Each structure stands twice: as structure tokens, then as C-alpha cells.
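Student: I'm new to this one, and I'd like to know where the labels come from. Can we go through them one by one?

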Amino acid sequence: MFTRQTIQEIAEVAKDLGIEPAALLAVAEVESGGKAFATINGRPEPLIRFEGHYFDRRLSPEKRDKARALGLSSPKAGEIANPKTQAARWRLLSRASEIDRKAALESVSWGIGQVMGSHWSWLGYSNVDALVAEARTSVGGQIRLMTRYIDKAGLKPVLAAKDWDAFARGYNGPGYRRFSYHLKLATAYRRHTELLASMPARTPEKLALIPQPHAASGLLPPFLNWLTRRLARH
């Protein structure tokens, strides 16, 4: 379950965007399992999932041969297994970035909404770095990324109508019923409706953001260089 602060921050972003807070919280919780961040080398980072088949088709033939030899890419979806821990997934991303940084960032689903980095242009970001920087800035940044996708995919009206079948189909594809995604959304919505009704009004203190020295510019190369050096020592 999300912390109270995370719930409040998601609710505030939802209100700013004209979305019912309980509905957006339901999507965020089901997508993320109720967890907003993982601690990576002592700092909070968004949850990620690396997709080896995305990486494979974004590489030149020479880079693709190298990535396949290192077990980092495959033409078959699901062939490159994601490690169980987020720390190991970030190490996987670091290794892939050594081969092709842009392709690696595009081949990851980012944050609470698990939005693929490859969608950066479609979602109106200037580059993939800007999308990733949004996800790394704060809970609000992750939610803004997710809601960009929801809006661009035309799912905002069905979310407002609480048409969970239509939303699940649009957000997760035609196989959503196999995982009872629509039922999980409905259950989470009812719970968050009750929870928000019982919570006191938010005090006006300023929310603390994740330390992100490059958030304003959206530049990640210094971070990835640092991460690569740091992980190499472990």
C-alpha cells in the first residue's frame, strides 16, 4: 500500500488534472503494487522493468550481436528475464546503457504507471531523457507521466466513467481479463474512495522532492555514468 504522503500527492495531482483522485489512485496502485519507489544505492528511484525485446530492435546489427551475447537482448518478448529486485534491474539497465544508452532508456517501463521510455516523442517529451527525468523527480512526476499516457491514449473519459473493462483493455491490452485487471481496479477504487473520505484535509506544507540535480534540464548522462561506476564496485 502507498504511504499516506504518496496518497495525498497523487490525489493533489489528480485534482490539478481534473481526474477523480480515487480513480487515479486505483490505477496507480494496481500498476505499481502500491509501491512508489525502490532504494537504489541509498537513494529513492522509480520502479523499472527492462524489456529485452524492445532493446533488441533498437540496436544496430553490431550492437545487437553484442547485447545478445551478453544476455541483454532477444527478438523474443520475455526471453530476457527481469531480476526480482529493483537493484538488480537498475544494474541491468546500467549494463545495457554501456552498449546504447538511448536504446536502453527507451526499453524500460518507468515509474508507477510503467510507461515505456520509447513513448517519449508520442507523449510530447523533447527526448527520452526528459521522460526519465520526469519519472525520477517525484511521485507527482511519475503520476504526470502516467496521466500523459492516459490522456494521449484516449482513456481519460473511460476512467472518469469508471468503465474498468474499457480502461483495462486500453491500458493493458486485450488479455486484461486473464489477470482480473478490471476487477482489481474496481476493488482499489472502492477502497480509495473510502480512504480519502476518512482522511483529514491536507496541511499546506511543501512536499519534499527526491534529490534530482538534473531534473530541470532532464539530463541523465552524469547520473548514469555515476551509477555505472558505483555498480562496478559491487
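Student: Okay, at what angle do the axes of helix H7 and helix H8 cross?

Tutor: Keep in mind that this is a predicted model. In it, the axes of H7 (residues 128–137) and H8 (residues 139–152) cross at roughly 130° and come within 5 Å.

Student: Why are H7 and H8 called oblique to each other?

Tutor: Set the angle against the cut-offs: roughly perpendicular runs from 65 to 115 degrees, and roughly antiparallel needs over 145. The crossing angle is roughly 130°, and H7 and H8 are therefore oblique.

Student: Which residues of H7 and H8 meet?

Tutor: From H7 come Leu131, Glu134 and Ala135, and they meet Gly141, Gln142, Arg144, Leu145 and Arg148 of H8. Sorted by class, this contact has three nonpolar, two polar and three charged residues.

Student: Gln142 is on that list. What makes Gln142 count as buried?

Tutor: Buried means under 20% relative accessible area. Gln142, which sits in helix H8, has 1% relative accessibility, so it counts as buried.

Student: And which residues does Gln142 touch, leaving out those up to four places away in sequence?

Tutor: Two of them belong to H7, Glu134 and Ala135. Gln142 also touches Ala36, Phe37, Pro46, Gly111 and Ile112.

Student: What about Thr137, buried or exposed?

Tutor: Thr137 lies in helix H7. Its relative accessible area is 15%, and the cut-off for buried is under 20%, so Thr137 is buried. Thr137 and Pro44 are 93 residues apart in sequence, and their C-alpha atoms are 9.9 Å apart in space.

Student: Let's go to helix H11. How do you know that His182 is buried?

Tutor: His182 is found in H11, and its relative accessible area is 8%. That is under 20%, so His182 is buried. Not counting residues up to four places away in sequence, His182 touches Trp164, Asp165, Ala168, Tyr176 and Arg177.

Student: What separates the C-alpha atoms of Thr193 and Ala22?

Tutor: They are separated by 5.3 Å, although the two residues are 171 residues apart along the chain.

Student: Where is Ser180, and what is its phi?

Tutor: Ser180 is found in the loop between H10 and H11, and its phi is near 55°, again a positive value in a residue other than glycine. Ser180 has a relative accessible area of 27%, which makes it partly exposed.

Student: What makes a cavity something other than a pocket?

Tutor: A cavity is a set of points where a 1.4 Å probe fits but cannot get out, while a pocket is an open set. The structure holds one cavity of 30 Å³ or more, and the largest cavity has a volume of about 50 Å³.

Student: Which residues line the largest cavity?

Tutor: Among them are Arg49, Phe50, His53, Lys76, Glu79 and Asn82. Strand S3 (48–50) and helix H3 (52–57) each give two or more residues to that lining. By class, the lining has two nonpolar, four polar and four charged residues.

Student: Finally, how many helices and strands are in the chain?

Tutor: The chain has 12 helices and five strands. Buried residues make up 51% of its 234 residues.

Conventions: Residues numbered from 1 in each chain as written. Predicted model: local features only at pLDDT ≥ 70, side-chain atom pairs only at ≥ 80, totals over all residues. Heavy atoms only, no water. Axes fitted to C-alpha atoms, helices over the stretch in contact; angles between N-to-C directions. Helix = DSSP H or I, 4+ residues; strand = E, 2+ residues; numbered from the N terminus. Parallel < 35°, antiparallel > 145°, perpendicular 65-115°, else oblique. Contact = heavy atoms within 4.5 Å. Nonpolar A, V, L, I, M, F, W, Y, C, P; charged D, E, K, R; others polar. 1 Å grid on protein atoms, 1.4 Å probe; cavity = no way out; pocket = protein on both sides within 12 Å on 5 of 7 lines; lining within 4 Å. Points joined across faces, edges and corners; volume = space filled by probe spheres on them. Buried < 20%, exposed > 50% of the residue type's maximum accessible area, 1.4 Å probe, protein only.
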